[in-house]
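Subject: Structure handover

Hello,

Here is the structure for you to look through.

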Protein chains: 2
Amino acid sequence: MTKANAVVGQSGGPTGVINASLVGVIEVAKKHSEIANLYGAVHAVSGIVKDQFINLKKLSAKTLELVAGSPSSALGTSRDKPDEEYCAKILDVFKKRDVRYFFYIGGNDSANTCFIINNMAQKTGYELHAFHVPKTVDNDLLVTDHCPGYGTAAKFVACACLGDDLDNRALPGVKIDVIMGRHAGFLTAAAALGKTRDDDGPHLVYIPERGVSMEKFLADVEAVYKKYNRCVIAVSEGMSDVDGVVWTKKIADTGEKDAHGNIQLSGTGALADFLAGQVRNSLKIKRVRADTFGYLQRSFPGIQSEVDAKEARMCGRQAVKYAMKEQSGSVAIKRLPGNKYKVELFRTDLANVAEKTKSMPNEFINAEGNGVTDAFVKYAMPLTGGLPKTEYLAGYPRV
Amino acid sequence: MTKANAVVGQSGGPTGVINASLVGVIEVAKKHSEIANLYGAVHAVSGIVKDQFINLKKLSAKTLELVAGSPSSALGTSRDKPDEEYCAKILDVFKKRDVRYFFYIGGNDSANTCFIINNMAQKTGYELHAFHVPKTVDNDLLVTDHCPGYGTAAKFVACACLGDDLDNRALPGVKIDVIMGRHAGFLTAAAALGKTRDDDGPHLVYIPERGVSMEKFLADVEAVYKKYNRCVIAVSEGMSDVDGVVWTKKIADTGEKDAHGNIQLSGTGALADFLAGQVRNSLKIKRVRADTFGYLQRSFPGIQSEVDAKEARMCGRQAVKYAMKEQSGSVAIKRLPGNKYKVELFRTDLANVAEKTKSMPNEFINAEGNGVTDAFVKYAMPLTGGLPKTEYLAGYPRV
């Protein structure tokens, strides 16, 4: 292989393990003399075009372990979606710095950036090995069985709802939890992973893949409340009406604004507060509370899923190994058959991942569209690396 | 001592370690033959007056460990604040069931309940040993150095802000985090415990003990944003204006409502969204996000502070030991002098704790009223049991 330099970047929203993938790239790159310098792109593509890099081969093993365990994107990130012109600038910097290896950790947009740059390099006869390393809390990438980043976010959401359900048992009422996921319901569905008792919440789970009318939503809540005298509900921020229009959009369109008169569709408590208001006013239930889990879902430190962190690192490592032999691609995870959870990695073409998104398959969603199936739990549980066990006493026999 | 029965209850808002206190009571009660039966009051005082109890001496060691590690109040809880009439009913049930020991785990209201019942028993010549076990995430009880429950909530808030600050470095902007605490700022102040680098957030911390005008708030945010091109802000839900009126009340009074037209003062995203709107509109900053940490602060499982869990359990144990010798009281924690964190427990009169609240002392608040001092960090850090170490690379030297 050509001896040349490499660039690695982290793109899009941070996750709890995207730094583990970065460290995977660094530690294998360190071993390969074909990679002279490994440049870390500061704030992803936006740093590349500004020629802003740091030297990653010099980092100590101790620093690498700290990075691997830290949430957020240690190199900084960017939401830029480069077009051809932008990518041409990237390629100029690569040529100037003799960069022949490019590792980009991110979602489907990042795969697409890899794809465009790769095509451009090939057209102009510039030797470049471009590899995409998957990451997303939404779990919405094609080809791969699941995405690094999802397991840790799913663990956070499952833990949060598990604890919240215990809290709701202690002080009964209706509790609404709004969870990340605009188009794919995987993360919201993870709210159900902590359920162990028959009457555990969340009792209702609403995801973007299934529209729900306000009438149906309220009827569902009322039925659960009648049965258990309480109700815990997990709602995706991308929850939509039966006509497919997301509820946050509907709130905005009916002229219902936030406290400052703004229409805010996400990163706010608007949907949670709106739904709580609906339940309070329509069902005349007194104790109604709502939380929006927000950024904690992707940034809370110290609770990485061990499985997720390990796989994220493996994906970073594998990308470098592939790049030593192959021209381009995206790293993907295959789940092996058998009762014990086991995976292996494989390479897929960038075009198979770029820009495309995956939704929750039908077999993961219950018939009513307000909950998940055992098949989903079987799929997602191993990715969390396990959840804390808890106990609640008030239901024990009275004396 | 008289051989008789005992009642234990958990009152007010749950915490991450109130169950550890419960288990402390149970395990020492199990050892004392003076306590024939230990009845767990289902949903606190509301269960006592309805004669709803479960048998706690029969629980296995395995179950007790699971309970001790679980958030929420395993017996169920109640927000009832019993008056004399209510307490008379409680005493009737105690007499009927030959209850001579009463352990009540809760905040200052619970201490007051203990106080009223104790006085009533003494007046009527009914032998009762009434003990209060402290708990609160707000850390606002008098006499004790700190409250069981605070360390774990402080750990959650510190971790949340630590991770959120890393996220904000990766995707810069203004981030507002609204934290529990209507009157005492201890929990919001804990947001600063994860700061290790000079430019780490939260850069601004607003607590109920110091009023701030909207002009000052915006000027503070603008100054930080100019310096760092980002700003992370921790705000107590009880943050007030300079006239002492809480901001949530002001929002309501100016007719600014939530998405459904309701005035909601807490348990909602209203304050966060309002402040985000102010920053966005007044400072013309594009990326402004806000989260309200909500119930996760007291109910997130699996992240108990070891120190807090240990002390909570010690307090429960000690309450039973005191009750074997003394008539009534509240368990309190004394921090011993010296460099190494060490505590011992002592008994104080119920009257010293009942109904009273503590605020952040002046030496914990910076001169500007928008941050905490080293003295606060020294006070609060040991209670968290330590925080995760993290690393961020984008500030490393460029190549």
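Below is what was found, from the whole chain down to one residue.

Please keep in mind that this is a predicted model.

**Chain A**

Start with the fold of chain A. Its secondary structure comes to 14 helices and eleven strands. Along the principal axes, the C-alpha atoms fill a box of roughly 75 × 50 × 35 Å. How does the radius of gyration fit a compact globule? A compact globule of 399 residues would have a value near 21 Å, and chain A has 23 Å, so the two agree. Of the 399 residues in chain A, 63% are buried. Now look at the contacts in chain A with a separation of 6 or more. Residues 24 or more positions apart account for 77% of them.

Next, the interface. The size of an interface is often given as the accessible area lost when the parts come together. Here the area buried between chain B and chain A is about 6,600 Å². Carbon and sulfur atoms give 61% of that area. The contact takes 82 residues from chain A and 82 residues from chain B.

How many salt bridges cross the interface of chain B and chain A? The rule finds two. One salt bridge joins the side chains of Arg298(B) and Asp167(A), at 2.8 Å from N to O.

Which parts of chain B touch chain A? Six elements each supply at least two residues: β3 (53-55), α3 (61-68), α6 (150-170), α10 (270-283), β9 (288-292) and α11 (296-299). The largest share comes from α6(B), with ten residues. By type, this side of chain B divides into 39 nonpolar, 25 polar and 18 charged residues.

**A residue to look at: Asp220(B)**

Find helix α8 (residues 214-228) of chain B; Asp220(B) lies in it. Is Asp220(B) buried or exposed? Its relative accessible area is 8%, under the 20% cut-off, so Asp220(B) counts as buried.

What does its side chain meet? It makes a polar contact of 2.7 Å with the side chain of Tyr206(B). Another polar contact, of 3.1 Å, joins the side chains of Asp220(B) and Asn370(B). Leave aside the neighbours within four places in sequence. Asp220(B) is then in contact with Leu204(B), Tyr206(B), Glu368(B) and Asn370(B).

Best wishes

Conventions. Residues numbered from 1 in each chain as written. Chains lettered and ligands numbered in written order. Predicted model: local features only at pLDDT ≥ 70, side-chain atom pairs only at ≥ 80, totals over all residues. Heavy atoms only, no water. Contact = heavy atoms within 4.5 Å. Buried area = accessible area lost by both parts, 1.4 Å probe. Salt bridge = Lys/Arg side-chain N within 4 Å of Asp/Glu carboxyl O. Helix = DSSP H or I, 4+ residues; strand = E, 2+ residues; numbered from the N terminus. Nonpolar A, V, L, I, M, F, W, Y, C, P; charged D, E, K, R; others polar. Buried < 20%, exposed > 50% of the residue type's maximum accessible area, 1.4 Å probe, protein only. Polar contact = N/O pair within 3.5 Å; in protein donor to acceptor, adjacent residues only side chain to side chain. Rg over C-alpha atoms; globule rule 2.2 N^0.38 Å.
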